[in-house]
Amino acid sequence: MAFRRADDANVKGRRVLVRVDFNVPMKDGVVTDDTRLRAALPTINDLRSRGAKVILLSHFGRPKGQRVAAMSLAPVAPVLGALLHADVGFAADCVGEAAKSAVEAMSTGDVLLLENTRFHEGEQKNDPALARAMADLGDLFVMDAFSSAHRAHASTVGIADYIPAFAGKAMQRELDHLEKALGNPRHPVLAVVGGAKVSSKIDLLQNLVTKVDMLCVGGGMANTFLHALGKPVGASLCEKDFADTARAIMAAAKKAGCEILLPVDVVVAQEFAANTPSQTVALDGVGKADMILDAGPKTVAALNAAMDRAKTVIWNGPLGAFEISPFDAATNAAARHCAQLTRAGMLVSVAGGGDTVSALNQAGASEGFTFISTAGGAFLEWMEGKALPGVEALKI
Ligand code: AMP
């Protein structure tokens, strides 16, 4: 996948508009987690060191086209300044006089944060007038917010219609790793897909069976597959209406030569609560009142053996109800095995999607993975094989 990289652009003395994702957790005007600010530092530092004027654009929350004081990005500027060890200016609007005069006052190496793009109705509608007004503030556009790349908004794609657009460093890292995992991977490729429901991941599963060599279905969604195969699932989370969908996915996998791994044993309990009595049973041993809340050790052994055969692993979703002990056991064991193989140089492993990151963190395994995507929705859409507008706009 060829796309324009900010690394190759001449930025000296130029005004560079950078789309970042500063949609950070905030409580009472205080940033409570600066992970997303840190993710933007490599691009900002690089542009500053090359003599650019760095103008940052981001959305924050869902103000729906209104000015909402609690959704102002103003509190973010000093926090970013502390991370950069530099002053970060702030303009009270992302277009108009406030933005224009703040940009005009900039010197090379300066950093300016503009107010929440979603204070304008045109942002989410990708209104050309708003995109044009933002583009007029810069000479170049750098897209560095992969997590917003699945949205065709004025600040993610619209600007690229008016000024040259490039991928920033965080975006390049995402795209290079995702390409390595699914675009042009080393085979065999194993996809591990868990989580609650089949219904939310149909497109994902349908795309994966045509691209990967092995697909492990885990978590609550595996129950729907087991039900589709005539196995008892008791009181488990199970979307019986999607049994046909599960059968269609299994048929597509067979046709494409993709091996599907389903649980061969499961951990059941009668209530969804921490440290409730639980037991490991074979598939035929699930009773009427039982809830399947995790995969069993034989399943983990089979998944680990599949990882031993694989050269690439791509992972989305936990294998069980990992928030509640002991139903995190399968996710923890498999994630640690994956991290270990990766550290030993046997695997390229890429994971992403909201709950996946916390599950892998909880397992203490995320450090060992080749790459963990910070994006939720965008990572899933990319795994579904969909074109992301924010990426398309950067393609050569
Ligand atoms: P998702 O957002 O689709 O990745 O789903 C993640 C959620 O699936 C987590 O909150 C897990 O607790 C839940 N989950 C995973 N396995 C099960 C299961 N066997 N029964 C109920 N919930 C599950």
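View 1. Start at Gly320, where a backbone N or O atom lies 3.5 Å from a nitrogen atom of the ligand. That's a polar contact, meaning a pair of N or O atoms within 3.5 Å. This is a predicted model, so local features need pLDDT of at least 70 and side-chain atom pairs count only at pLDDT 80 or more, while totals for chains, interfaces and linings use all residues. Residues are numbered from 1 along each chain as its sequence is written, and side-chain values use heavy atoms, with hydrogens and water left out.

View 2. Ala196 brings a backbone N or O atom to 3.0 Å from an oxygen atom of the ligand. Asp355 uses its side chain instead: a polar atom there sits 3.3 Å from an oxygen atom of the ligand. On its own the ligand has 510 Å² of accessible area (Shrake-Rupley method, 1.4 Å probe), and the protein covers 81% of that.

**View 3. Gln206 in helix 6.** Gln206 belongs to helix 6 (residues 202-211). Its relative accessible area is 38%, so it's partly exposed, between the cut-offs of under 20% for buried and over 50% for exposed (1.4 Å probe, protein chains only). Ala252 is 46 residues apart from Gln206 along the chain, yet their C-alpha atoms are separated by 7.6 Å.

Notes. A polar contact is a pair of N or O atoms within 3.5 Å; within protein, one must be able to donate a hydrogen and the other to accept it, and residues adjacent in sequence count only if both atoms are side-chain atoms. Helices (H or I, at least four residues) and strands (E, at least two) are DSSP runs, numbered from the N terminus.
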